Amino acid sequence: MKLKSAVLSIVAGLGLSLTAHAQDSLMMRKIYDEALVNGKCYDNLRYLCKQIGPRLSGSAGAQKAVEWSKKLMDSYGFDRVYLQEVMVPHWVRGEKEQGKIIAGKTEIPVALAALGGSVATPKAGVTAEVIELHSLQELQSLGEAKIKGKIVFFNRPFDERYIESGQAYGMAGDQRNAGPAAAGKYGAVAVIVRSLTSALDNYPHTGGTNYDNGPKIPAAAISTLAANRLSKLLKQSGKVKFYLKDHCQTLPDVLSYNVIGEIKGSENNNKYITVGGHLDSWDLAEGAHDDGAGVMQSIEVLRMFKTLGYKPKNNIRAVLFMNEENGHKGGLKYAEQALKDKEEHIAAIETDEGGFTPRGFSFEQVSPAFLQAVNQQWKKLFEPYEADRMVEGGSGTDIEPLRDSFSGIKLIGFRPDSQRYFDVHHTPNDVFENVNKRELELGAATIASLIYLIDQHGLNF
């Protein structure tokens with residue numbers, strides 16, 4: 001009798017498990033159908049890119065995006081839509097930069113873009129001999145005697161051996177982030193940096209630089225084709241000059257906002273699942289992939305739940321963070337306010353790697369046992385949609401401050417295919433036309449599906 005009871009218990013448990021799996025599979029199918037047949041995120045992205053355009057923190061475009069996105073979420077009838085005040089930096093590029101290689105009597109104009117946060121050159125520009133380096137460590141080995149008075153040219157390309165292009169970006173990024181400040185300490189008069197991309201083209205990639213407390217010298221990125229040409233000329237002649245002129249300035253901080261939409265939970269009044277991306281973008285283009293795609297996908301998650309009549313157990317928030325690109329103030333403010341309000345945050349998902357084909361998710365700082373459990377429980381549910389990679393990895397800049405405020409929270413990064421992202425990242429080429437409608441919609445459905453599973457089953461594996 002005891003054996004029979006045990007068998008019946010196992011069979012009953014298995015039946016419940018199979019029933020839950022079937023219910024989850026059916027709900028996910030509904031989510032994907034809604035996204036692919038009736039999806040709104042592509043049309044919303046078109047409006048954001050074409051009617052509003054660039055949205056650098058502190059700009060008129062950023063404010064217009066705040067006002068429009070709040071109205072958009074209001075129109076969908078979310079339970080709560082509000083603005084969260086945050087003070088943000090206000091850096092402006094000014095007139096178009098100028099740059100040219102000077103090799104003897106030959107002058108070669110090159111494509112370049114000032115780095116975010118850069119200071120201006122003198123009105124007449126700056127001309128100096130170029131010294132090519134491939135790492136920050138070379139500054140120390142050469143010393144002030146060889147660096148002072150020169151323009152430092154950081155020319156370390158992406159390491160193409162990385163399959164995940166974000167890893168190559170991370171490994172090359174220190175020359176842009178910290179290179180100008182480091183070179184300034186050795187007396188360099190300016191810095192030019194090879195654009196952070198595998199692509200060989202004439203689109204210069206901007207991005208932020210951080211002077212910390214070091215000397216502030218003008219800093220710009222040059223296109224990869226220009227970098228290759230400059231490097232070749234240096235090898236041929238050994239002595240080449242560069243001319244750089246920009247008009248950047250940093251103005252006083254400006255009041256801006258995170259834009260937040262929320263669907264109330266039916267069971268857990270103070271528990272939250274956050275999905276978000278950043279509403280700001282660099283000033284060179286429309287910010288379609290970085291990160292218009294992410295914010296429109298985040299809104300779409302809530303819209304689909306509302307349309308499908310799904311009533312979550314926990315509060316679900318879509319957060320459009322402000323100032324990810326040059327200060328991260330929006331993410332810091334969101335975490336600070338959540339802690340102040342004594343909220344309980346279960347999970348946060350960031351979508352800031354472009355609107356490309358979804359591949360899965362990365363979970364930050366989790367154990368092998370947790371990953372194994374996630375894969376055992378949910379991998380097969382995502383397999384029909386080819387978005388079943390559940391791996392350990394980073395989450396995102398805007399949600400990382402939540403880790404310090406909520407010890408039990410799981411931080412998750414949405415991981416689309418990465419191979420094309422850094423072709424357009426931080427460039428004039430990051431425009432709506434380079435976003436594929438179907439890929440964008442599949443991404444929104446994939447994110448919504450994971451949020452549904454977390455809401456139903458939690459993450460206590």
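**Exercise 1.** Over the face of which residue does arginine 80 lie, and at what distance from the ring centre?

*Solution.* The model is a predicted one, in which local features need pLDDT of at least 70, side-chain atom pairs count only at pLDDT 80 or more, and totals for chains, interfaces and linings use all residues. Residues are numbered from 1 along each chain as its sequence is written, and side-chain values use heavy atoms, with hydrogens and water left out.

Step 1. A charge sits over a ring if NZ of Lys or CZ of Arg is within 6 Å of the ring centre and within 35 degrees of the ring normal.
Step 2. Arginine 80 is placed over the face of tyrosine 82, 3.8 Å from the ring centre.
Step 3. Lysine 100 lies over the face of tyrosine 243, with 5.1 Å to the ring centre.

**Exercise 2.** Determine how many aromatic pairs there are, and classify the pair of tyrosine 310 and tyrosine 452.

*Solution.* 
Step 1. Rings of Phe, Tyr and Trp (its six-membered ring) pair if their centres lie within 6.5 Å; planes under 30 degrees apart count as stacked, over 60 as edge-to-face and the rest as tilted.
Step 2. Under this rule there are 17 aromatic pairs.
Step 3. The ring centres of tyrosine 310 and tyrosine 452 are 5.4 Å apart and the planes stand at 70°, so this pair is edge-to-face.
Step 4. Tyrosine 310 belongs to the loop between α10 (288-308) and β12 (314-321), and tyrosine 452 to helix α15 (residues 437-457), so the pair ties together parts 142 residues apart in sequence. Helices (H or I, at least four residues) and strands (E, at least two) are DSSP runs, numbered from the N terminus.
Step 5. Buried means under 20% relative accessible area, exposed over 50%, partly exposed in between (1.4 Å probe, protein chains only). Tyrosine 310, at 12%, is buried, and tyrosine 452 is buried at 6%.

**Exercise 3.** Classify the pair of phenylalanine 321 and tyrosine 334.

*Solution.* 
Step 1. Their ring centres are 5.7 Å apart and their planes at 85°, so the pair is edge-to-face.
Step 2. Phenylalanine 321 is in strand β12 and tyrosine 334 in helix α11 (residues 329-340), 13 residues apart.
Step 3. Phenylalanine 321 is buried at 0% relative accessibility, as is tyrosine 334 at 1%.

**Exercise 4.** How many disulfides does the structure hold?

*Solution.* 
Step 1. A disulfide is a pair of cysteine sulfur atoms within 2.5 Å.
Step 2. The structure has 0 disulfides.
Step 3. For cysteine 49, the nearest cysteine sulfur is that of cysteine 41, 12 Å away.
Step 4. Cysteine 49 is buried at 2% relative accessibility.
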